[in-house]
There are 4 protein chains.
Amino acid sequence: EVSLYGMSLILAWPDEYAAKVSDQSVVSKVKTTKPYPLASNEWKEKTLVEVGNVEIGGKRVVVAAGPCAVEDEQQVVETAQAVKRAGAALFRGGAYKPRTSPYSFQGLGEEGLKLLRRAGDEAGLPVVSEVVDPRDLPAFKGKTDMLQIGARNAQNFQLLKDVGRIGLPVLLKRGMGNTVEEWLLSAEYLLSEGNGRVVLCERGIRTFERSTRFTLDVGGMVVARQSTHLPVGADPSHPAGRRELVHALTLAAVAAGADLVIVEVHPNPERAKSDSEQQLTFDSFRLLMNRVTALAKAIGRDI
Amino acid sequence: EVSLYGMSLILAWPDEYAAKVSDQSVVSKVKTTKPYPLASNEWKEKTLVEVGNVEIGGKRVVVAAGPCAVEDEQQVVETAQAVKRAGAALFRGGAYKPRTSPYSFQGLGEEGLKLLRRAGDEAGLPVVSEVVDPRDLPAFKGKTDMLQIGARNAQNFQLLKDVGRIGLPVLLKRGMGNTVEEWLLSAEYLLSEGNGRVVLCERGIRTFERSTRFTLDVGGMVVARQSTHLPVGADPSHPAGRRELVHALTLAAVAAGADLVIVEVHPNPERAKSDSEQQLTFDSFRLLMNRVTALAKAIGRDI
Amino acid sequence: EVSLYGMSLILAWPDEYAAKVSDQSVVSKVKTTKPYPLASNEWKEKTLVEVGNVEIGGKRVVVAAGPCAVEDEQQVVETAQAVKRAGAALFRGGAYKPRTSPYSFQGLGEEGLKLLRRAGDEAGLPVVSEVVDPRDLPAFKGKTDMLQIGARNAQNFQLLKDVGRIGLPVLLKRGMGNTVEEWLLSAEYLLSEGNGRVVLCERGIRTFERSTRFTLDVGGMVVARQSTHLPVGADPSHPAGRRELVHALTLAAVAAGADLVIVEVHPNPERAKSDSEQQLTFDSFRLLMNRVTALAKAIGRDI
Amino acid sequence: EVSLYGMSLILAWPDEYAAKVSDQSVVSKVKTTKPYPLASNEWKEKTLVEVGNVEIGGKRVVVAAGPCAVEDEQQVVETAQAVKRAGAALFRGGAYKPRTSPYSFQGLGEEGLKLLRRAGDEAGLPVVSEVVDPRDLPAFKGKTDMLQIGARNAQNFQLLKDVGRIGLPVLLKRGMGNTVEEWLLSAEYLLSEGNGRVVLCERGIRTFERSTRFTLDVGGMVVARQSTHLPVGADPSHPAGRRELVHALTLAAVAAGADLVIVEVHPNPERAKSDSEQQLTFDSFRLLMNRVTALAKAIGRDI
């Protein structure tokens, strides 16, 4: 029994379905053929997730933009202003960075969260940032409007459980080695702890093709959208790995139905402390927003 | 030295560049840093490939549609009419079918090619069909306007050489286990035999994700487009494997810049002798064409 | 109905099983739950494939060794002598080479087959060589004791059909993008044409790991061995891609039950015209044979 | 500057090498061309990791055996006795289980650790168990002789840092979507925090082949062994996914040079609460140990 979306839910797999439940306080019963009953769309229509004043999962294609990592105040403030002007709906940046090497820049931590908040407030954009350790969660309170769980923590079930107990909306990336079903089961961890404000985000999987950093699995994203009531989006920056590919992959994700896209933007990508290859300049991002806006209209959506 | 696009070409890798070539009959020298000098766009702008009256690689997004396999006259004639009405530019169907199992329907062979030609002529559409054996090439003469080399023969170098010696335009699919570079090297086999009328076609690669039949590698398609002067397209039907996914993947491919898309269409997909799961009905194809047309306009292209 | 192993076989899938067959000339009926009835071990115990005087699939682990490509007479004669002395049972070398690039050395063709035969005869070793085009089959007659079908032609179904109609034993490699089931279905093409003398050979699949050239799928090899009556072996040279890895992968394959292993050996690997990185010197091969022999004994087999 | 193996180490990438370091307390300087300087074998010979009285990385092939999950006292006590009798050197069992689904059995937690300790002590075997959350580390003190970091946490860098600060030996599994280099970089997190008692463990990667649960990457294991001074082992149970494959994969791993192998054993696998398909019975494990012992001797090692 879980409390979710203002209802008390009882999970029931087909063969153990509690038909006799008659408790008045139980509003709904989830009956499912899928291993992820709460995330499945067998019992619920499309869910809208609100982040500040922004609604994800509706007609609008939500663009979340910002630098890979928070580096200093000027960088985040300028970037927030620039992406806001270009039409982004959310400001996203990393303060706690999960890095493959212990010798890479690990982020500014809580100081970075403060800078993100200041920049987001000045630009009028809600803030999204990644959490990598449950013990850091108190630092996020009040400073972040949406928590991101990154690809490398997509099956860090302890983190999922802790984040599931917090009311903040969650942006859940797919692990680079995870199937669509495993990704939905990770979402199920969040939902089964009572947090239903979850947006799924495809970010590229590991395949034999290495001319791109990862392989953006547009098909997997579509399968996920057809399997869950939660909004599903994509991060085209990480699979691209090179900025020349970001436009095309962003347009592909939107055309295939993404409810949200994440684009990495930096005032001076060449000098970025992380992922410098894949971040867009302000000019390139503005151009991309024009293209995305035209495309969104053509498929009956807004930006 | 190859004769291509009306020029005599001399291949030259950087360290062996024949600067002293002064033969008047040699129009161009290809200098390259890539392993596929003739296919590389380092020496040549975008190539337009003409198939009948249809130009691939220009502003128009060319839609090639038709049944997976030719089954009988009524089927192909009806389908050709239907896809023509909906706006397809090419009629595509399989007469020689490479099937994973020896017990699956292997196609009608030369009889199938005749039916395709008749159906294409009646509908006014050039015909594309797959060749699987060099010894069948005489049967294709006059019956087919474009030869397809399928994924399973993408590294059948003997077939590539033989098809390279024939003047017909070629639709070269990427092998399911091939990198983008290997795919371009397969094109190089065609070009180095003197056939420059080649269109590349991404059709999904093998990855760990099995909720789709293959993983449509949109990123790989974009990398190919940025590496070669040849047109590059996509086949969304095979990676989809289920018709519910075909629309979204087609739109993604077009948004990412595909010069051509292949869509499998059947009068009655449930009864199809092959790939019944992924073929669209006439109605669904018509709807898809409306969506693709709107999207193409939004990105500055036509259908 | 197929004639195989001296029997007339009738294929019967469970729901269409011809119980009423009473023709005396029909010796066996193959009933199966697998898509590859003839290759399945549901109806037949382990098959022994004889190549010259060498039996594959029995107690002996058969080592097939030789150069990647035939380059000249001295090279093949020396190598045949060396691998014979070290204990190899078959001599293997490439005369028709399927190369990723049209500009790579494509092999000596029929001349190479003659050199192989001479070298094999002098050393007293049966000869294995790859065929890439059905039209070359006459050239192989009398010169080769076993035909190899390479990874890139593993789903070249025309070639499989033609080779299936010839009596010579076949070494069938797994395609780099093929599942175990697809590989067994390729074998089924050979068997359904009446050729039951087939040995399967795992040679590495395409995965995201690129520190090796391919990923030797030992598990897939074991699954194949548990699914078919045909002998199953491995080629550790190609997945290794570097000679430092060849010993370990060969030992792994033998420990896991390989009936045959292929090892590439060259008098002077640094100067080899193809795959120079992965070929062993004579000394290294001799050492490997000592290690393989000790290991084979420990698991109850011979060399 | 890190303190490791009783030395003070200064990391130096080639271009920033501090030749002028003259501090007497600095015993060694690590100069490297690899991104994982401390784990690299460019500066250090093979490291032996001691777990209780068991040495990993020497002549002995260490077998760690036990149930996937601790279920009750009888189960663990019986299993510890059985694997000890058969020749296992370490007792391994899961108390905190990272499960893909929130509805699967999540383990007995601290109570499970106590049972493991009791069973290990009675059998005279050091105990290995997985930690999934840094906040659980105090519970492991005194109850576990070696900490396992599982595949799903292979890039949970917070956990790696915390475990790196603790003196206990660590068994670090490779993530199912991680390259060999990323795996070694995860080890580098442990080493750079001052914990050099690390054993790497290959456990199968995600590939397109699904007839096995994962693809045991024997080649990747060999590459790792040739790149680091740390011991490297393999877990054949998880990639197998079915007990019929466990023997062959274990033998393959040992033949390829594994310093340690992990085998899952259960008194009654059919009734196991997790991974019931892949756990061996006592009888099957005893037989496997006989086979592994014979093989180890043939390659110059002990059990």
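The legends below describe close-up views of a predicted model.

**View 1. The contact between chain B and chain C.** Each chain brings residues to this contact: 35 residues from chain B and 35 residues from chain C. About 2,800 Å² is buried between the two chains, and carbon and sulfur atoms give 53% of that area. On the chain B side, the residues that lose the most area to chain C are B:Thr100, B:Tyr103 and B:Arg135, which together make up 21% of what that side buries.

View 2. One of the salt bridges joins B:Asp162 to C:Arg135, with the closest N and O atoms 2.7 Å apart.

**View 3. The side of chain B that touches chain C.** Two or more residues come from each of helix H4 (157-164) and helix H5 (180-192) of chain B. H5(B) gives the largest share, five residues. By class, this side of chain B has 14 nonpolar, eleven polar and ten charged residues.

**View 4. Helix H6 (residues 218-227) of chain D.** Eight of the ten residues of this helix are buried, so the helix is largely enclosed by the rest of the structure. The buried residues are D:Val218, D:Gly219, D:Gly220, D:Met221, D:Val222, D:Val223, D:Ala224 and D:Ser227. Their cover includes helix H6 (218-227) and helix H8 (243-255) of chain C. From chain D itself, the cover includes helix H5 (180-192), strand E11 (198-202), strand E12 (232-234) and helix H8 (243-255).

Technical notes:
Residues are numbered from 1 along each chain as its sequence is written. Chains are lettered from A and ligands numbered from 1 in the order in which they are written. This is a predicted model: local features need pLDDT of at least 70, side-chain atom pairs count only at pLDDT 80 or more; totals for chains, interfaces and linings use all residues. Side-chain values use heavy atoms; hydrogens and water are left out. Contact means heavy atoms within 4.5 Å. Buried area is the accessible area (1.4 Å probe) that two parts lose on being put together, summed over both. A salt bridge is a side-chain nitrogen of Lys or Arg within 4 Å of a carboxyl oxygen of Asp or Glu. Helices (H or I, at least four residues) and strands (E, at least two) are DSSP runs, numbered from the N terminus. Ala, Val, Leu, Ile, Met, Phe, Trp, Tyr, Cys and Pro count as nonpolar, Asp, Glu, Lys and Arg as charged, and the others, Gly among them, as polar. Buried means under 20% relative accessible area, exposed over 50%, partly exposed in between (1.4 Å probe, protein chains only).
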